[in-house]
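Please read the following report alongside the sequence and the model.

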Amino acid sequence: MRRIAIITDDPGWHGKQLCLAFAERGYVAEYVSLTACKLQLTVADLPIIIPGFEQQLPAAVFVRGVPGGSLEEVVFYLDVLHALKILGVPVYNDAGAIERSVDKGMTSFLLQHGGLPTAMTWVLRDRDEALAIAEQQLRAGYYLISKPLFGSQGEGIRRIEKSTDLLWLTSSRGIYYLQRFVECAGDGYSDVRVFVINGRAVAAMRRRGISWLNNVARGASCECIELESDLAELAIAAVAALKMDYAGVDVIQDADGCYRIIEVNSVPAWKGLQSVCDINIAECLVADLLDRYCMPEKAC
């Protein structure tokens with residue numbers, strides 16, 4: 001029996017969709033929490049102990065979520081994923097891709113380093129300097145976004161619009177991540193989520209927010225859009241810059257009509273996108289994982 005481990009603490013709708021897609025391909029998928037895994041470095045045993053896979057490691061691992069925690073805990077969770085890949089178990093997305101994308105500072109650096117358009121960004125330690133940057137940007141007529149270095153679904157994000165808002169300038173455990181707010185083209189608030197799998201943009205939607213945050217988890221509505229070639233190429237380039245198997249790329253069109261990459265998510269949700277597109281995204285993800293990494297000749 002060919003078995004897959006889906007790494008998650010909250011299977012929900014996405015976990016069910018993946019299980020169904022794996023079953024269609026003759027695989028049994030089981031949910032696993034990284035909090036329950038351990039390294040057991042003895043001679044006789046498997047070096048990685050995964051609940052339900054004590055006798056044989058999974059054919060592949062699909063990462064749907066990495067738990068939060070202390071620095072030591074998060075490093076350990078990523079150690080488990082790194083070790084699985086070293087042992088020849090396909091990990092999708094792998095630990096390196098997750099590390100590059102979960103850290104917004106590194107994501108911004110890699111996008112800029114790759115020559116891709118993104119918002120002006122500052123990441124620094126000193127609070128006084130962060131305040132000075134914010135004040136200078138406000139004087140120049142720009143809003144700023146203050147984000148936690150780690151986080152998703154809009155949690156902990158604030159927009160700095162006036163000097164009194166600087167009281168809300170918060171750090172992510174001592175690190176300040178500031179990004180110039182990008183005014184979107186047209187009326188209201190919107191951006192585009194492009195879903196990229198193995199170097200191909202497979203679907204896209206426009207998210208229209210009820211406020212300047214366009215996250216579906218924060219009430220944004222979804223609408224299907226035709227994927228323009230330049231938008232698709234930009235999203236594909238972003239995923240390549242971060243060396244990911246797949247990702248959800250958030251892009252905003254600014255007031256001048258130029259596209260800017262806002263975020264690249266290595267563990268993207270796709271329930272909202274699935275509701276407005278014709279393809280089965282879970283089936284596309286599973287097909288890519290199995291066809292590229294788990295063909296019979298690859299001993300999965």
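Does Asp 254 count as buried or exposed? With a relative accessibility of 7%, Asp 254 counts as buried, where buried means under 20% relative accessible area, exposed means over 50%, and partly exposed lies in between (1.4 Å probe, protein chains only). This is a predicted model, in which local features need pLDDT of at least 70 and side-chain atom pairs count only at pLDDT 80 or more, while totals for chains, interfaces and linings use all residues. Residues are numbered from 1 along each chain as its sequence is written, and side-chain values use heavy atoms, with hydrogens and water left out.

**Salt bridges**

A search of the whole structure finds 11 salt bridges, a salt bridge being a side-chain nitrogen of Lys or Arg within 4 Å of a carboxyl oxygen of Asp or Glu. The table lists some of them.

| Pair | N to O distance | Relative accessible area |
|---|---|---|
| Asp 250 and Arg 193 | 2.5 Å | Asp 250 5%, Arg 193 7% |
| Arg 208 and Glu 223 | 3.1 Å | Arg 208 34%, Glu 223 31% |
| Arg 260 and Asp 254 | 3.2 Å | Arg 260 29%, Asp 254 7% |

In the salt bridge between Asp 250 and Arg 193, Asp 250 lies in strand β14 (residues 246-253) and Arg 193 in strand β11 (residues 189-197), so the pair ties together parts that are 57 residues apart in sequence. Strands, like helices, are DSSP runs numbered from the N terminus, with at least two residues (E) for a strand and at least four (H or I) for a helix. Asp 250 and Arg 193 also belong to a network of salt bridges that links them with Asp 191 and Arg 207.

Arg 208 and Glu 223 meet through their side chains in another salt bridge. This pair links distant parts of the chain, since Arg 208 is in strand β12 (residues 200-209) and Glu 223 in strand β13 (residues 221-224), 15 residues apart.

**Strands and their pairing**

Strand β10 (residues 176-180) has five of its five residues buried, so this strand is largely enclosed by the rest of the structure. Strand β7 (residues 121-124) pairs with β10 in the antiparallel sense over four bridges, two strands counting as paired if DSSP finds at least two bridges between them. Within this pairing, Leu 178 in β10 is the bridge partner of Trp 122. Strand β8 (residues 144-147) is likewise antiparallel to β10 over four bridges, and here Tyr 177 in β10 is the bridge partner of Lys 147.

Elsewhere, four strands form an open sheet in the order β2-β1-β5-β6, with parallel pairing. In this sheet β2 (27-32) and β6 (91-92) stand at the edges, each with a single partner strand, so one side of each is left without a neighbour in the sheet. Strand β1 (residues 2-7) is joined to β2 by six bridges, and Ile 7 stands opposite Val 32 in β2.

**Exposed residues in helices**

Lys 16, found in helix α1 (residues 12-24), counts as exposed at 54% relative accessibility. The C-alpha atoms of Lys 16 and Ala 282 are separated by 9.5 Å, although the two residues are 266 residues apart along the chain. Glu 233, which lies in helix α6 (residues 229-241), is exposed as well, with a relative accessible area of 55%.
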